[in-house]
Amino acid sequence: MKVLGTDEESLREAAKIIKKGGLVAFPTETVYGLGCDGLNEKAVKRLFEVKKRPANKPVTLHVSSISQIKKVAEINDVAKKLIDLFFPGPLTIILKKKDVVPPITAGGSDRVAVRMPACDVALKLIDLSGILAAPSANKSGGISPTSAKEVAEEFGSEIDAIIDGGETKIGIESTILDLTVKPAKILRTGAISVEEIESVVGEVEVVERKGHYRMKAEVVIAEPEEILKIAKVEVLKGKKVGMCVSNKLSIPEELTKKVEVVTFRDVKDYSKKLFYAMRKLGNLDTVIFQKVEEKGVGKAIMDRLRESSSV
Ligand code: TXA
Ligand code: MG
(Lines give C-alpha, C1' and ligand atoms only; values in the text may rest on other atoms or scores of the structure.)
(Ligands and ions follow the chains in the order given, each with its own letter.)
Protein backbone atom coordinates (compact mmCIF):
# COMPACT_ATOMS: atom_id res chain seq x y z
CA MET A 1 0.00 0.00 0.00
CA LYS A 2 1.33 3.38 -1.09
CA VAL A 3 0.87 6.60 0.87
CA LEU A 4 0.40 9.44 -1.59
CA GLY A 5 0.40 13.20 -1.17
CA THR A 6 -2.21 15.63 -2.47
CA ASP A 7 -0.11 17.20 -5.25
CA GLU A 8 -1.14 16.89 -8.89
CA GLU A 9 1.35 14.12 -9.67
CA SER A 10 0.19 11.99 -6.72
CA LEU A 11 -3.46 12.43 -7.68
CA ARG A 12 -2.63 11.37 -11.25
CA GLU A 13 -0.96 8.26 -9.88
CA ALA A 14 -4.02 7.54 -7.70
CA ALA A 15 -6.32 7.98 -10.72
CA LYS A 16 -4.21 5.53 -12.71
CA ILE A 17 -4.60 2.91 -9.97
CA ILE A 18 -8.36 3.51 -9.87
CA LYS A 19 -8.72 3.22 -13.66
CA LYS A 20 -7.02 -0.19 -13.47
CA GLY A 21 -9.64 -1.33 -10.94
CA GLY A 22 -7.63 -0.57 -7.76
CA LEU A 23 -8.72 0.66 -4.33
CA VAL A 24 -7.57 4.09 -3.15
CA ALA A 25 -8.54 5.74 0.14
CA PHE A 26 -8.97 9.51 -0.06
CA PRO A 27 -10.02 12.40 2.17
CA THR A 28 -13.35 14.20 1.94
CA GLU A 29 -14.65 17.00 4.16
CA THR A 30 -16.60 14.44 6.25
CA VAL A 31 -14.50 11.26 6.68
CA TYR A 32 -12.03 9.25 4.56
CA GLY A 33 -13.60 7.19 1.78
CA LEU A 34 -12.32 3.97 0.23
CA GLY A 35 -12.72 4.64 -3.47
CA CYS A 36 -12.80 2.65 -6.67
CA ASP A 37 -14.29 3.02 -10.15
CA GLY A 38 -18.00 2.99 -9.29
CA LEU A 39 -19.00 1.75 -12.74
CA ASN A 40 -16.51 -1.15 -12.74
CA GLU A 41 -18.30 -4.17 -11.30
CA LYS A 42 -15.10 -6.09 -10.59
CA ALA A 43 -13.51 -3.20 -8.71
CA VAL A 44 -16.64 -2.66 -6.61
CA LYS A 45 -16.71 -6.39 -5.84
CA ARG A 46 -13.18 -6.19 -4.43
CA LEU A 47 -14.19 -3.11 -2.43
CA PHE A 48 -17.01 -5.12 -0.81
CA GLU A 49 -14.65 -7.99 0.00
CA VAL A 50 -12.02 -5.78 1.60
CA LYS A 51 -14.60 -3.90 3.68
CA LYS A 52 -16.43 -7.16 4.56
CA ARG A 53 -19.56 -5.33 3.49
CA PRO A 54 -22.86 -7.24 3.16
CA ALA A 55 -23.78 -7.63 -0.54
CA ASN A 56 -27.17 -5.95 -0.19
CA LYS A 57 -25.69 -2.72 1.20
CA PRO A 58 -25.24 -0.21 -1.62
CA VAL A 59 -22.34 2.24 -1.94
CA THR A 60 -22.46 5.97 -2.63
CA LEU A 61 -21.20 7.36 -5.93
CA HIS A 62 -18.94 10.40 -5.51
CA VAL A 63 -19.06 12.93 -8.34
CA SER A 64 -17.35 16.21 -9.16
CA SER A 65 -19.87 17.63 -11.68
CA ILE A 66 -23.57 17.85 -12.44
CA SER A 67 -23.03 16.00 -15.73
CA GLN A 68 -21.68 13.03 -13.76
CA ILE A 69 -24.85 13.02 -11.62
CA LYS A 70 -26.96 13.03 -14.80
CA LYS A 71 -24.97 10.10 -16.11
CA VAL A 72 -25.88 7.84 -13.17
CA ALA A 73 -29.22 9.14 -11.81
CA GLU A 74 -32.56 10.75 -12.70
CA ILE A 75 -32.57 14.28 -11.26
CA ASN A 76 -36.07 15.44 -10.23
CA ASP A 77 -37.10 19.00 -9.26
CA VAL A 78 -36.48 18.59 -5.52
CA ALA A 79 -33.09 17.02 -6.20
CA LYS A 80 -32.20 19.95 -8.43
CA LYS A 81 -32.99 22.44 -5.64
CA LEU A 82 -30.94 20.48 -3.10
CA ILE A 83 -28.02 20.16 -5.51
CA ASP A 84 -28.10 23.93 -6.14
CA LEU A 85 -28.10 24.64 -2.42
CA PHE A 86 -25.90 21.98 -0.86
CA PHE A 87 -23.57 20.47 -3.49
CA PRO A 88 -20.64 20.27 -3.08
CA GLY A 89 -21.19 19.53 0.62
CA PRO A 90 -21.92 16.92 3.29
CA LEU A 91 -25.19 15.69 1.76
CA THR A 92 -25.88 12.38 -0.01
CA ILE A 93 -29.09 12.08 -2.01
CA ILE A 94 -30.71 8.86 -3.15
CA LEU A 95 -32.27 8.95 -6.61
CA LYS A 96 -33.55 6.54 -9.25
CA LYS A 97 -30.51 5.00 -10.92
CA LYS A 98 -29.65 4.74 -14.59
CA ASP A 99 -28.59 1.47 -16.26
CA VAL A 100 -24.91 2.38 -16.40
CA VAL A 101 -24.70 1.80 -12.60
CA PRO A 102 -23.89 -1.88 -11.98
CA PRO A 103 -26.33 -3.75 -9.67
CA ILE A 104 -23.59 -4.39 -7.08
CA THR A 105 -23.04 -0.60 -6.61
CA ALA A 106 -26.77 -0.11 -5.99
CA GLY A 107 -27.01 -3.15 -3.66
CA GLY A 108 -29.38 -4.77 -6.16
CA SER A 109 -31.92 -1.92 -5.94
CA ASP A 110 -33.08 0.54 -8.61
CA ARG A 111 -31.76 3.50 -6.59
CA VAL A 112 -28.36 5.08 -6.27
CA ALA A 113 -26.80 7.39 -3.68
CA VAL A 114 -24.88 10.40 -5.01
CA ARG A 115 -22.63 12.89 -3.25
CA MET A 116 -20.29 15.70 -4.32
CA PRO A 117 -17.72 16.23 -1.54
CA ALA A 118 -16.69 19.79 -0.60
CA CYS A 119 -13.02 18.90 -0.63
CA ASP A 120 -10.61 20.05 -3.34
CA VAL A 121 -8.46 16.91 -3.17
CA ALA A 122 -11.49 14.63 -3.58
CA LEU A 123 -12.95 16.73 -6.40
CA LYS A 124 -9.63 16.81 -8.25
CA LEU A 125 -9.23 13.05 -7.85
CA ILE A 126 -12.75 12.44 -9.23
CA ASP A 127 -12.00 14.80 -12.16
CA LEU A 128 -8.99 12.64 -12.98
CA SER A 129 -10.39 9.16 -12.23
CA GLY A 130 -14.11 9.41 -12.97
CA ILE A 131 -17.08 8.62 -10.72
CA LEU A 132 -15.96 6.91 -7.50
CA ALA A 133 -17.86 4.37 -5.42
CA ALA A 134 -16.71 5.17 -1.89
CA PRO A 135 -17.96 3.95 1.45
CA SER A 136 -16.26 5.21 4.60
CA ALA A 137 -12.76 3.67 4.77
CA ASN A 138 -13.38 1.29 7.69
CA LYS A 139 -14.32 -2.36 8.04
CA SER A 140 -18.09 -2.87 8.01
CA GLY A 141 -19.68 -1.94 11.36
CA GLY A 142 -16.63 -0.05 12.61
CA ILE A 143 -15.83 3.61 13.13
CA SER A 144 -15.29 5.92 10.14
CA PRO A 145 -11.69 7.17 9.86
CA THR A 146 -10.83 10.88 9.94
CA SER A 147 -7.10 10.56 9.21
CA ALA A 148 -4.87 8.62 6.79
CA LYS A 149 -3.20 6.87 9.75
CA GLU A 150 -6.52 5.42 10.88
CA VAL A 151 -7.22 4.17 7.34
CA ALA A 152 -3.81 2.45 7.28
CA GLU A 153 -4.64 0.77 10.61
CA GLU A 154 -7.93 -0.52 9.16
CA PHE A 155 -6.64 -1.94 5.89
CA GLY A 156 -2.82 -1.93 5.61
CA SER A 157 -1.76 -3.80 2.48
CA GLU A 158 -5.33 -4.86 1.62
CA ILE A 159 -5.73 -1.64 -0.38
CA ASP A 160 -3.54 -0.12 -3.08
CA ALA A 161 -3.02 3.46 -1.87
CA ILE A 162 -4.04 6.17 0.59
CA ILE A 163 -4.02 9.85 -0.24
CA ASP A 164 -2.98 11.63 2.95
CA GLY A 165 -4.91 14.88 3.12
CA GLY A 166 -4.58 15.37 6.88
CA GLU A 167 -7.52 15.35 9.29
CA THR A 168 -10.99 15.74 7.84
CA LYS A 169 -12.80 19.00 8.56
CA ILE A 170 -16.26 17.86 9.64
CA GLY A 171 -15.43 14.47 11.13
CA ILE A 172 -18.82 12.75 10.83
CA GLU A 173 -20.37 11.30 7.66
CA SER A 174 -22.76 13.14 5.35
CA THR A 175 -26.50 13.49 5.86
CA ILE A 176 -28.30 10.90 3.70
CA LEU A 177 -31.64 11.85 2.17
CA ASP A 178 -33.79 9.37 0.26
CA LEU A 179 -35.73 11.29 -2.40
CA THR A 180 -37.25 8.18 -4.00
CA VAL A 181 -39.98 8.01 -1.35
CA LYS A 182 -42.68 10.45 -0.28
CA PRO A 183 -42.30 12.05 2.19
CA ALA A 184 -38.52 12.05 1.77
CA LYS A 185 -36.59 10.16 4.44
CA ILE A 186 -33.38 11.06 6.24
CA LEU A 187 -31.53 7.73 6.51
CA ARG A 188 -28.60 9.26 8.44
CA THR A 189 -28.30 12.68 10.08
CA GLY A 190 -25.19 14.78 9.48
CA ALA A 191 -23.78 18.29 9.22
CA ILE A 192 -26.58 19.40 6.89
CA SER A 193 -29.31 19.57 9.51
CA VAL A 194 -32.86 18.21 9.46
CA GLU A 195 -34.04 21.83 9.66
CA GLU A 196 -32.06 22.80 6.54
CA ILE A 197 -33.42 19.82 4.60
CA GLU A 198 -37.00 20.50 5.70
CA SER A 199 -36.74 24.13 4.58
CA VAL A 200 -36.39 22.77 1.03
CA VAL A 201 -38.38 19.52 0.89
CA GLY A 202 -40.99 20.00 3.64
CA GLU A 203 -41.45 17.60 6.53
CA VAL A 204 -39.28 14.48 6.42
CA GLU A 205 -39.12 11.25 8.35
CA VAL A 206 -35.85 10.62 10.22
CA VAL A 207 -34.98 6.93 10.34
CA GLU A 208 -33.11 5.40 13.28
CA ARG A 209 -30.00 3.49 12.19
CA LYS A 210 -28.42 0.46 13.77
CA GLY A 211 -25.20 -1.50 13.43
CA HIS A 212 -22.41 1.07 13.24
CA TYR A 213 -19.59 2.37 15.49
CA ARG A 214 -18.81 -0.89 17.27
CA MET A 215 -16.64 -0.41 20.42
CA LYS A 216 -15.52 -2.75 23.16
CA ALA A 217 -16.32 -0.23 25.90
CA GLU A 218 -19.70 0.34 27.48
CA VAL A 219 -20.92 3.72 26.25
CA VAL A 220 -22.59 6.14 28.66
CA ILE A 221 -24.15 9.37 27.38
CA ALA A 222 -24.40 11.88 30.24
CA GLU A 223 -25.29 15.48 31.14
CA PRO A 224 -22.20 17.58 31.98
CA GLU A 225 -23.12 17.74 35.68
CA GLU A 226 -23.38 13.92 35.97
CA ILE A 227 -20.11 13.06 34.20
CA LEU A 228 -17.63 13.38 37.07
CA LYS A 229 -19.84 11.40 39.44
CA ILE A 230 -20.24 8.55 36.95
CA ALA A 231 -16.49 8.57 36.22
CA LYS A 232 -15.63 8.33 39.93
CA VAL A 233 -18.01 5.40 40.47
CA GLU A 234 -16.60 3.52 37.48
CA VAL A 235 -13.01 4.14 38.61
CA LEU A 236 -13.92 2.84 42.08
CA LYS A 237 -15.29 -0.31 40.47
CA GLY A 238 -11.82 -0.81 39.00
CA LYS A 239 -12.86 0.00 35.42
CA LYS A 240 -10.66 1.64 32.83
CA VAL A 241 -12.53 4.83 32.10
CA GLY A 242 -12.47 7.37 29.28
CA MET A 243 -14.46 10.51 28.69
CA CYS A 244 -15.14 12.90 25.87
CA VAL A 245 -16.19 16.21 27.38
CA SER A 246 -16.24 19.98 26.90
CA ASN A 247 -12.99 21.76 27.82
CA LYS A 248 -15.15 23.92 30.11
CA LEU A 249 -15.66 20.98 32.47
CA SER A 250 -13.10 21.23 35.22
CA ILE A 251 -11.83 17.79 36.09
CA PRO A 252 -10.30 17.27 39.56
CA GLU A 253 -6.63 16.31 39.43
CA GLU A 254 -7.07 12.94 41.12
CA LEU A 255 -9.43 11.96 38.29
CA THR A 256 -7.26 13.23 35.40
CA LYS A 257 -4.61 10.79 36.54
CA LYS A 258 -6.98 7.84 36.28
CA VAL A 259 -9.21 8.72 33.34
CA GLU A 260 -8.34 9.18 29.65
CA VAL A 261 -9.83 12.40 28.42
CA VAL A 262 -10.63 13.88 25.00
CA THR A 263 -11.92 17.44 25.11
CA PHE A 264 -13.80 19.60 22.62
CA ARG A 265 -14.28 23.38 22.41
CA ASP A 266 -17.79 23.53 20.95
CA VAL A 267 -20.28 21.37 19.05
CA LYS A 268 -18.42 21.73 15.76
CA ASP A 269 -15.18 20.63 17.40
CA TYR A 270 -17.11 17.74 19.04
CA SER A 271 -18.19 16.46 15.61
CA LYS A 272 -14.60 16.73 14.36
CA LYS A 273 -13.25 14.70 17.29
CA LEU A 274 -16.13 12.26 17.88
CA PHE A 275 -14.71 9.33 15.88
CA TYR A 276 -11.17 10.03 17.07
CA ALA A 277 -12.52 9.78 20.64
CA MET A 278 -14.42 6.57 19.85
CA ARG A 279 -11.24 4.99 18.47
CA LYS A 280 -8.97 6.24 21.24
CA LEU A 281 -11.29 5.40 24.13
CA GLY A 282 -13.33 2.57 22.63
CA ASN A 283 -11.10 -0.22 23.94
CA LEU A 284 -11.40 0.84 27.59
CA ASP A 285 -14.16 -0.56 29.84
CA THR A 286 -16.41 2.49 30.13
CA VAL A 287 -16.54 5.63 27.99
CA ILE A 288 -18.62 8.62 29.00
CA PHE A 289 -19.66 11.02 26.25
CA GLN A 290 -21.13 14.42 27.04
CA LYS A 291 -24.71 14.98 25.93
CA VAL A 292 -25.34 17.93 23.60
CA GLU A 293 -28.43 19.76 22.45
CA GLU A 294 -30.24 17.85 19.65
CA LYS A 295 -30.05 20.73 17.20
CA GLY A 296 -28.11 20.99 13.93
CA VAL A 297 -24.93 18.92 14.03
CA GLY A 298 -25.70 18.22 17.72
CA LYS A 299 -28.47 15.84 16.61
CA ALA A 300 -26.04 14.06 14.27
CA ILE A 301 -23.61 13.59 17.19
CA MET A 302 -26.34 12.32 19.54
CA ASP A 303 -27.70 9.89 16.91
CA ARG A 304 -24.21 8.39 16.50
CA LEU A 305 -23.71 8.13 20.26
CA ARG A 306 -27.06 6.38 20.70
CA GLU A 307 -26.19 4.03 17.85
CA SER A 308 -22.80 3.18 19.34
CA SER A 309 -24.33 2.55 22.77
CA SER A 310 -26.93 0.15 21.34
CA VAL A 311 -24.49 -2.31 19.70
O1 TXA B 1 -19.71 11.31 4.30
C2 TXA B 1 -19.95 10.26 3.70
O3 TXA B 1 -21.06 10.00 3.22
C4 TXA B 1 -18.79 9.25 3.56
C5 TXA B 1 -17.70 9.87 2.69
C6 TXA B 1 -16.59 8.90 2.39
O7 TXA B 1 -18.26 10.37 1.52
N8 TXA B 1 -19.26 8.03 3.02
C9 TXA B 1 -19.99 7.13 3.75
O10 TXA B 1 -20.29 5.96 3.06
O11 TXA B 1 -20.30 7.33 4.90
P12 TXA B 1 -20.87 4.66 3.80
O13 TXA B 1 -20.99 3.62 2.73
O14 TXA B 1 -20.05 4.33 4.95
O15 TXA B 1 -22.29 5.09 4.20
C16 TXA B 1 -23.25 5.33 3.19
C17 TXA B 1 -24.61 4.83 3.61
C18 TXA B 1 -24.65 3.33 3.85
O19 TXA B 1 -25.31 3.10 5.07
C20 TXA B 1 -25.47 2.80 2.70
O21 TXA B 1 -26.26 1.71 3.07
C22 TXA B 1 -26.32 3.99 2.30
O23 TXA B 1 -25.50 5.10 2.53
N24 TXA B 1 -26.66 3.94 0.88
C25 TXA B 1 -25.81 4.02 -0.16
N26 TXA B 1 -26.47 3.85 -1.33
C27 TXA B 1 -27.76 3.66 -1.00
C28 TXA B 1 -28.95 3.39 -1.76
N29 TXA B 1 -28.93 3.28 -3.08
N30 TXA B 1 -30.10 3.22 -1.08
C31 TXA B 1 -30.13 3.30 0.27
N32 TXA B 1 -29.06 3.54 1.05
C33 TXA B 1 -27.89 3.71 0.42
MG1 MG C 1 -19.65 3.78 6.79
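The model is predicted, so local features need pLDDT of at least 70 and side-chain atom pairs count only at pLDDT 80 or more, while totals for chains, interfaces and linings use all residues. Residues are numbered from 1 along each chain as its sequence is written, chains are lettered from A and ligands numbered from 1 in the order in which they are written, and side-chain values use heavy atoms, with hydrogens and water left out. Ligand 1 sits in the largest pocket.

**Overall fold**
- The chain has 11 helices and 15 strands. These are DSSP runs numbered from the N terminus: helices are H or I with at least four residues, strands E with at least two.
- The radius of gyration is 20 Å, close to the 19 Å from the globule rule for 311 residues, so the chain is as compact as a globular protein of that length. The radius is taken over C-alpha atoms, and the rule is 2.2 Å times the number of residues to the power 0.38.
- Along the principal axes, the C-alpha atoms fill a box of roughly 60 × 45 × 30 Å.

**Around ligand 1**
- Ligand 1 is surrounded by 24 residues (a heavy atom within 4 Å). The closest are Thr-30, His-62, Ser-136, Ser-174 and Arg-188.
- By class, this shell holds 11 nonpolar, 7 polar and 6 charged residues. Ala, Val, Leu, Ile, Met, Phe, Trp, Tyr, Cys and Pro count as nonpolar, Asp, Glu, Lys and Arg as charged, and the others, Gly among them, as polar.
- β5 (91-96), β6 (111-115) and β10 (185-188) each supply at least two shell residues. β6 gives the most, with 4 residues.

- A polar contact here is a pair of N or O atoms within 3.5 Å.
- One ligand 1 oxygen is 2.8 Å from a side-chain N or O atom of Ser-136.
- An oxygen of ligand 1 is 2.9 Å from a side-chain N or O atom of Arg-53.
- A ligand 1 nitrogen lies 3.1 Å from a polar backbone atom of Arg-111.
- The protein covers 92% of the 680 Å² of accessible area that ligand 1 has on its own (Shrake-Rupley method, 1.4 Å probe).

**Backbone details**
- The peptide bond from Phe-87 to Pro-88 is cis, with omega near -10°. Pro-88 is in the loop between α4 (77-86) and β5.
- Lys-182 and Pro-183 are also joined by a cis peptide bond, with omega about -5°. Pro-183 is in the loop between β9 (175-178) and β10.
- Lys-52 is not a glycine, yet has a positive phi of about 55°. Lys-52 lies in the loop between α2 (41-51) and β4 (61-62).

**Pocket terms**
- On a 1 Å grid over the protein atoms alone, a pocket is an open set of points where a 1.4 Å probe fits, with protein on both sides within 12 Å along at least five of seven lines.
- A molecule sits in a pocket if more than half of its atoms lie within 2 Å of its grid points.

Technical notes. A polar contact is a pair of N or O atoms within 3.5 Å; within protein, one must be able to donate a hydrogen and the other to accept it, and residues adjacent in sequence count only if both atoms are side-chain atoms. On a 1 Å grid over the protein atoms alone, a cavity is a set of points where a 1.4 Å probe fits but cannot get out, and a pocket is an open set with protein on both sides within 12 Å along at least five of seven lines; lining residues have an atom within 4 Å of a point.
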